[in-house]
Amino acid sequence: MNLLDFANSIEGYLLVSSILFVLGVFAVLTRKNAIGILLGIELILNAAGINFVAFSKFHSAAMDGQMVALFIILIAAAEAAVALAIILRFYRLKQTIDADEASLLRN
Amino acid sequence: MANNSALFAQTLTDWTQGTFLAPVPLWVWAMVSALVVIYLLALPFGGIATYIERKIAADMQDRIGPNRVGPLGLFQFAADAVKMLSKEDYVPPAGDKFLFNIAPVLVVVGSCAGFVALPLGQYLVAGDVNIGVFYILAVTTLIAPGILLGSWASENKWSLLGGLRSAAQIVSYEIPVALSILPVILISGSLQVGEIVKQQGWNPDLPIAANAHFWNVVHNPFTVFAFFILFVGGLAETNRIPFDLPEAESELVSGFNTEFSGMRFGLYALGEFVDVFVMCAMLAALYLGGWQLPFLELDKFWITLPSGLIALIHVGVFLVKTLLLVFVVMWLRWTLPRLRVDQLMGLCWKGMVPLALFNVLGTAIWVWAFKGQSMIQVAMGLFSGGGSSH
Amino acid sequence: MSNGIKLILLLAEILTVGSALVVAVNPNILYSAVFLLFSFLGVAVMFLFAGADFLAATQVVVYVGGVTILILFAIMLTQWMYRLKLRDVGSKFIVPAVVLALGLVPMLHRGLTDLARMVKAAPPEKMSEFAASPKTMEIGKALLGSHVLPFEAITILLLGALVGAVWLARPKS
Amino acid sequence: MAQSCLWIVALPLTAFVIQALVGKKLPRHGDWVSVLAILGSFAFAAPIFLEMIRSGHVSEVLQYKWMTMPGVEAAANSPVLNKAVTLTVGILVNNLTAIMLFMVTLCASLIHIFSTGYMHGESRYHLFFAYISLFSAGMLGLVISDNLLTLFMCWEVMGLCSYLLIGFYYQKVSANHASLKAFMTTRVGDCLFFLGICGLYVVFGTSSLSEIYKALQAGTGTGVTIVGVPALAFIGFMLMMGTVGKSAQFPLQVWLPDAMEGPTPVSALIHAATMVAAGVFLLVRTYPILEKAEIVLPVIGTIGALTAFLAACIALVQVDIKKVLAYSTISQLGFMVLGMGVGSFAPGFMHVITHACFKACLFLASGSVIHAVHTQDMREMGGLRSKMPITFLTMFIATLAIAGVPGFSGFVSKDRILGDALAYGMTHPGWMWIPILGFITAGITAFYMFRLIFMTFFGHARDEHKHHHAHESPFTMTFPLMVLAGLSLAVVFAGPTGIHSIDAKLLPVHWFDHALDTVKAEMGVHGLHVEEALEHRAHGLALMVSLTVAGLGIFLSALTYLKKVISAEAFEKSLKPVHTLLWNKYYFDELYIKVIIQKLLLPFTVLLAKFDDKVVDRTGVDGWATLTLFLKSIVGKFDDLVVDRMMVDGSGNVVSAGGWVLRQLQTGKVQQYLVFTFIVLGFFIFYFVR
């Protein structure tokens, strides 16, 4: 299978989504910045969306996967809005958005 | 892409059958047609628009305007282009070079990509994508990050303020714009621009019930409002006066493009003009019947016209409508004062969004109540007792 | 489908993955955000090739026009405005992150492809027909038909998110 | 058809609910609700009846599943042996039901209408209508019931209504006592009746009448014994005791005369026309069982004859107009039971119907009289004939009917019963005294009924004042009288004269016989079987004898009370002991109260009370308390030391220690949590991919 066909197969889609997911995990774990964590989460959500769409096309040839992907996009939008509002609030409180500083409830 | 009927490209493929160009695949023709549209239409328009704008401004201020280069100064824009290309490629030393470079490109890409789905004539459309209107809305959103990143990369507080204003303005006004497009989609039941335009024709020979419903702007009382909201929202989205706060000269020097010069500035300017054109073309297509000549079906004229002539007339009609709207935009620039930031946001969230929502609701009820018939159809149906339109 | 078209898809996938790589490792948060935008665009193209035209446009509108701008705003509002070096010093979880990354990619991909093999693939003609058919109307019907409950739930979620975000971000009286 | 039966019951029941809840607030205290309801029932019942007349045969069984009962330990050779049985409730519509429904709804409607006049202005007017509506519902439900259990329920509902209505004037002590007496006395019979139903269930595995008919025709039940007694005989006796209680048969007849404390329409409806006839109706419904239980029938006949005779004798000396009618009711019920006993199935049932009509008429007429003169004592009446012509005429017709004068309904049924009894006596000489008692009673009946008529309506007014104020009753009261009097004519049931051999030539009106013949075949009832010649002879003889004794009774009565040729007082004096015995109703009340209750039951009750106090309270309850206190102290110690100290505090300590350990993991660094999360996720994926 050449590279072009691989790109247009479910394996290709799944590889992209896996890499996207792992990079998202990587970003989530390594960023100090809360916004950076959010970026990682967006990558993870996109990876999930790609999976759904890929299976929707290659395996069911039906709409259900796309519907779920649509809902993922909408939920991601809501999540981003709320998360950024929280980050702004936190910034106003602590003058920083370092995720490690959000530890009032530790121990 | 893969599923769009690229009519332009298809036509090109058909023409080249049997010639030495036959092996060229469809997708190449699709790209070629897209490039043709951009280079032959978008970019010249961007240039000519600067000339027109200056001329109109001069007329309104009782000046002469550009008159040195070429007859009536017509080649002024070419001279400007040459000037811009030959200027120093300056990047602010403290600025972010990478972002500074890609930001204007984003703006131009965002505005030019919208051209692809605009139907110039009945069969003249680069890619009549089936999510047409939505596609235009989607690609034009690229403009906002372009402006925001460019302003940030300039390392200049005027720029940054202008960029933040611009992004906030664009994001906010996208809502009434989208909501004002919804009535049209409700009426036509399609996102495809070509289909929407096709439905706005008017054939005097057909009985009312079977006829198309003329221009969407007079489809029902709500679409009249929706048209104006879309127009005003388009002004705001393209940062035109009276919503040109991002580049308010009196406050922010020149706003987000303060630090830009040369071709990068030219790209910003081009992007803005193309965006204006796309907005007006969209308005014309969605609400003013696009290439439809009012009350005439050219296909069923009393003399049979050559198809090429019909296509040309269609393009002409469409361009006339669009350019009239562009003229109004420029006219407004010298007529209205600039709004304050709070006025701007208040107008959007307190005025236009509720009104646009009301329009959507009203149109939905109208479509439900009159089974999709327009005001004209309803009225004529009343007068002729439901018979034919004669 | 011609190879040229497939090439576009391949390029989009490379764009997606490459941009995501920059998002993950670039220390400059603003660059991460910008490349996240490119990654989104790549994903949108992938959607388009998977027959999800409406979804692709939604992806662009929501992510590029909404989420990215919000993120850029948040970055610009929370960083010192003119501190351009938005260095994000690598945290102490770099080692587990790398280990996880290296371990998860093959496992995930293998698991997912196994899954894909277990599930019966759609017949090719049906697949291409599906990929070429417009989806807007079907999505509209599904939203008000079979998927009306999640749709309504999402509307309530979005309203709640809207109100909550405004409440959280409002200035102190 | 069976569906409309549900309406027949539901309408009065609804009226009862409405009346009981909001009756007082309705216009006219809501009497129209009850009246309309019962008229509605009548409207539903009439088509069924007409259908029966038209086609001669209606039959429908409608069954609903009620509940499933676990298996019971059943008698040997019974169809139920330790298996679950599904109980059904149902509606059994046959010719009997149709006739009975028509009769009951008709009488009840007329009596409802009568009551609107009679009870006018009473306090608790709405409750009166509530009660009689409930009663109507109960009676109609009993009539349509297929299952003996639902029949029994309706039976008890009627008992309750009877209690409530007898005690309607609860201010009167005597009314209170009478209601209690009626309730308690019938309870004796009801208990035994219920035992009978239980026996039926054990033997047949069902209490559905329609199923029992089938089972009996298939031969089930014969030879089954319950504790050594033939099961069917046992059941038969128990069912008979139900009848004895409800229909006031000897020896449980004591409650019915006292029941006259209730308002007169109640006496007419419940204690003359319908409820007491329900006992006989029960015999009719269960007749196939009784026939199979051979010994029961003659006993029933004996009881009937005895009751008829004894009650008639008491009626001779009564002076209270309603008491006379009450005893005559008992006596007539005795006739019906007698008929049942000698196998005179159709005439016996016919007598239920004819008696209902003329006795309701008599009671209502007496009510009309009482309404007019405000007394029940016949010695204060007299000469009311001219004052109340309609009342007199209708009551006179009814009296002719009850006395057995040809041409009136009572004659038709009574003559046939007596004929059958005579035939029975001829074939079973040992039971010859049953017809003899019957004939004597017939004569006495004619005598005392005409005594009533003469004392009330003829002669001169004994109390001028009351006579002066007397007046004819309003139309709402006289209309039912006229209808009922019309129904007391023989032509309604058999023919112009009521004498079968004549009528067969004159006017063939045989609907009743046809209906009963069909239903007999359907139920598997054989009835009296004698040779045709003997039957003819017996019927001819009986006709002559009964005509003779009736005429004799009327003649003597006329001599005594109209012409005063014979002095009643002289008779009374010369037969003083007999008169005293009769006046005191054979001392039955005294026997029951002084001997059975006070000497037998009361000491037993006292003993039980003592047992309860000494054994149950002291030993059982107090002992338990002491034991519990002791256990409590042990449990308390255990609770304190083991549960609280060790378990409760211990678990708390364990949790807090564990919490301290786990708390060290919570660093507040969100990414650390995420590392854990993703490591776990990695393990999961590894597990599934492996």
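Residues 24 or more positions apart account for 57% of the contacts in chain C with a separation of 6 or more. A contact here means that two C-beta atoms, placed from the backbone, lie within 7 Å. In chain B, 79% of the contacts between residues at least 6 apart in sequence join residues at least 24 apart.

The model is predicted: local features need pLDDT of at least 70, side-chain atom pairs count only at pLDDT 80 or more, and totals for chains, interfaces and linings use all residues. Residues are numbered from 1 along each chain as its sequence is written, and chains are lettered from A and ligands numbered from 1 in the order in which they are written.

## Chains B and C

Chain C has seven helices and zero strands. Its pattern along the sequence is α-α-α-α-α-α-α. Chain B holds 14 helices and zero strands.

Of the 173 residues in chain C, 42% are buried. For the 390 residues of chain B, the share is 50%. A residue is buried if 20 or more other C-beta atoms lie within 10 Å of its own, exposed if 12 or fewer, and partly exposed in between, with C-beta atoms placed from the backbone.

## What chain C touches

Chain C meets chain A through 75 of its own residues and 65 residues of chain A. On the chain C side, α1 (3–25), α2 (29–49), α3 (53–78), α4 (94–118), α5 (124–132), α6 (136–144) and α7 (148–169) each supply at least two residues. That side divides into 54 nonpolar, 15 polar and six charged residues. Ala, Val, Leu, Ile, Met, Phe, Trp, Tyr, Cys and Pro count as nonpolar, Asp, Glu, Lys and Arg as charged, and the others, Gly among them, as polar.

Chain C also touches chain B, with 28 residues from chain C and 30 residues from chain B. Here α1, α2, α3 and α5 of chain C give two or more residues each. The most come from α3(C), with twelve residues. By class, the chain C side has 21 nonpolar, six polar and one charged.

One helix pair joins chains A and C. Helix α3 (residues 34–60) of chain A and α2(C) pack at an angle of about 10 degrees, with axes 11 Å apart. The axes are lines fitted to C-alpha atoms, for helices over the stretch in contact, and angles run from 0 to 180 degrees between N-to-C directions. The two helices are therefore roughly parallel, a label for angles under 35 degrees. Among the residues in contact are A:Leu39 and A:Leu43 of α3(A), and C:Leu36 and C:Phe40 of α2(C). The contact has twelve nonpolar, four polar and one charged residues.

## Nonpolar cores

A nonpolar core is a set of buried Ala, Val, Leu, Ile, Met, Phe, Trp, Tyr and Cys residues joined through C-beta atoms within 7 Å. The largest has 218 residues, and D:Leu101, D:Cys107, D:Ala360 and D:Cys361 have the most contacts inside it. Helix α15 (residues 345–373) of chain D gives the largest share, 18 residues. A second, separate core of 208 residues includes A:Tyr13, B:Val193, B:Val217 and D:Phe678. Leaving aside neighbours within four places in sequence, D:Cys361 is in contact with residues including D:Met395, D:Leu481 and D:Ser488.

Helix α9 (residues 221–237) of chain B has 17 residues and reaches 25 Å from its first C-alpha to its last. The expected span is close, at 24 Å; the rule is 1.5 Å times one less than the number of residues. In α9(B), 13 of the 17 residues are buried, so the helix is largely enclosed by the rest of the structure. B:Asn239 follows α9(B).

| Residue | Phi | Other C-beta atoms within 10 Å |
|---|---|---|
| B:Asn239 | near 60 degrees | 25, buried |
| D:His29 | about 55 degrees | 21, buried |

B:Asn239 sits in the loop between α9 and α10 (249–252) of chain B. D:His29 is in the loop between α1 (2–22) and α2 (31–55) of chain D.

B:Tyr90 lies in the loop between α3 (76–85) and α4 (97–113) of chain B. B:Tyr90 is partly exposed, with 14 other C-beta atoms within 10 Å. B:Tyr90 and B:Ser261 are 171 residues apart in sequence, yet 6.9 Å apart in space, C-alpha to C-alpha.

Notes. Helix = DSSP H or I, 4+ residues; strand = E, 2+ residues; numbered from the N terminus. Parallel < 35°, antiparallel > 145°, perpendicular 65-115°, else oblique.
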